[in-house]
Amino acid sequence: MQLGLKNNEIRLEKYTDKWQDEFIKIKNELLKLTQLEENRIEHIGSTSIQGMSAKPILDIVVGVDNLKKVDEELFNSFRKAGFLRLRVEKPNEIVLAKFTDETYQVKTHFIHLVEYQQEIWNNLNFFRDYLNSNEEARKEYLDIKTSYLKNTSSGIIEYTDFKKDFVKSIHNKRNTK
């Protein structure tokens, strides 16, 4: 299993159980280096969906009590695990990434730091759980991803926008329960 994509590169790899193994390895490392509780570190994104082809980047959501009060100690612990804070501006989320080497050209992992059991946390985990339990939704999502890639292999913002309506439709299912 080879994780990693260059900036703005989009490529899908066939599902492998090794993604889950890698998540467990990273989670255990984060548990050793931080004061985080086990239930606040979750595997999300397409690599967490059984059988789903995915970009070879592992997405992890980490839940904290208050995003505005995250201390430097936590960021230092993430750094020890190889995660660096990105200059990505997202409301109610701090994004960190792990790279293959010091050139910082190829990202292998993302941490999405959000408030625990708040909207983003709940949506990310619901999306994973819903697709894992719904084969039809998995197929539809894969079709959307592959149809984007028929025309290009770059444009991460455009790729995310292309999938946005589907993702929102799944989040809305959580909000109607």
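1. Helices here are DSSP runs of H or I with at least four residues, and strands are runs of E with at least two, both numbered from the N terminus. On that basis the protein chain of this predicted model has five helices and six strands. Their order along the sequence is β-α-β-β-α-β-β-β-α-α-α. The radius of gyration is 16 Å, close to the 16 Å that the globule rule gives for 177 residues, so the chain is as compact as a globular protein of that length.

2. Some overall values for the chain follow. The C-alpha trace spans about 40 × 40 × 30 Å along its principal axes. Of the 177 residues, 45% count as buried. Among contacts with a separation of 6 or more, 62% are between residues 24 or more positions apart.

3. Strand S5 covers residues 94–99, and six of its six residues are buried, so the strand is largely enclosed by the rest of the structure. The cut-off for buried is a relative accessible area under 20%. Both faces of S5 are covered. One side carries Ile94, Leu96 and Lys98, and the other carries Val95, Ala97 and Phe99.

4. S5 has antiparallel pairings with S4 and with S6. With strand S4 (residues 83–85) the pairing runs over three bridges, and Leu96 of S5 is the bridge partner of Arg85. With S6 the pairing runs over six bridges, and here Val95 stands opposite His112. The hairpin of S5 and S6 has six residues between the strands, and in it Tyr104 takes a positive phi near 60°.

5. The largest pocket holds about 1700 Å³ of space. Its lining is made up of 45 residues, and those nearest the centre are Lys90, Glu93, His112, Leu124 and Thr160. Two or more lining residues come from each of strand S1 (5–6), strand S6 (106–115), helix H3 (119–133), helix H4 (135–149) and helix H5 (156–175). H5 gives the most, with 10 residues. By class the lining has 19 nonpolar, 11 polar and 15 charged residues.

6. The largest share, three residues, comes from H2. The lining divides into five nonpolar, five polar and six charged residues.

7. Asn8 lies in the loop between S1 and helix H1 (18–33), and at 38% relative accessibility it counts as partly exposed. Gln117 is placed in the loop between S6 and H3. With a relative accessible area of 48%, Gln117 is also partly exposed.

8. Asn39 sits in the loop between H1 and strand S2 (41–44). Its relative accessibility is 37%, so Asn39 counts as partly exposed. Leaving aside neighbours within four places in sequence, Asn39 is in contact with Tyr116 and Trp121. The C-alpha atoms of Asn39 and Lys173 are separated by 23 Å, and the two residues are 134 apart along the chain.

Note on methods:
Residues numbered from 1 in each chain as written. Predicted model: local features only at pLDDT ≥ 70, side-chain atom pairs only at ≥ 80, totals over all residues. Heavy atoms only, no water. 1 Å grid on protein atoms, 1.4 Å probe; cavity = no way out; pocket = protein on both sides within 12 Å on 5 of 7 lines; lining within 4 Å. Points joined across faces, edges and corners; volume = space filled by probe spheres on them. Nonpolar A, V, L, I, M, F, W, Y, C, P; charged D, E, K, R; others polar. Buried < 20%, exposed > 50% of the residue type's maximum accessible area, 1.4 Å probe, protein only. Pairing = 2+ DSSP bridges. Rg over C-alpha atoms; globule rule 2.2 N^0.38 Å. Contact = heavy atoms within 4.5 Å.
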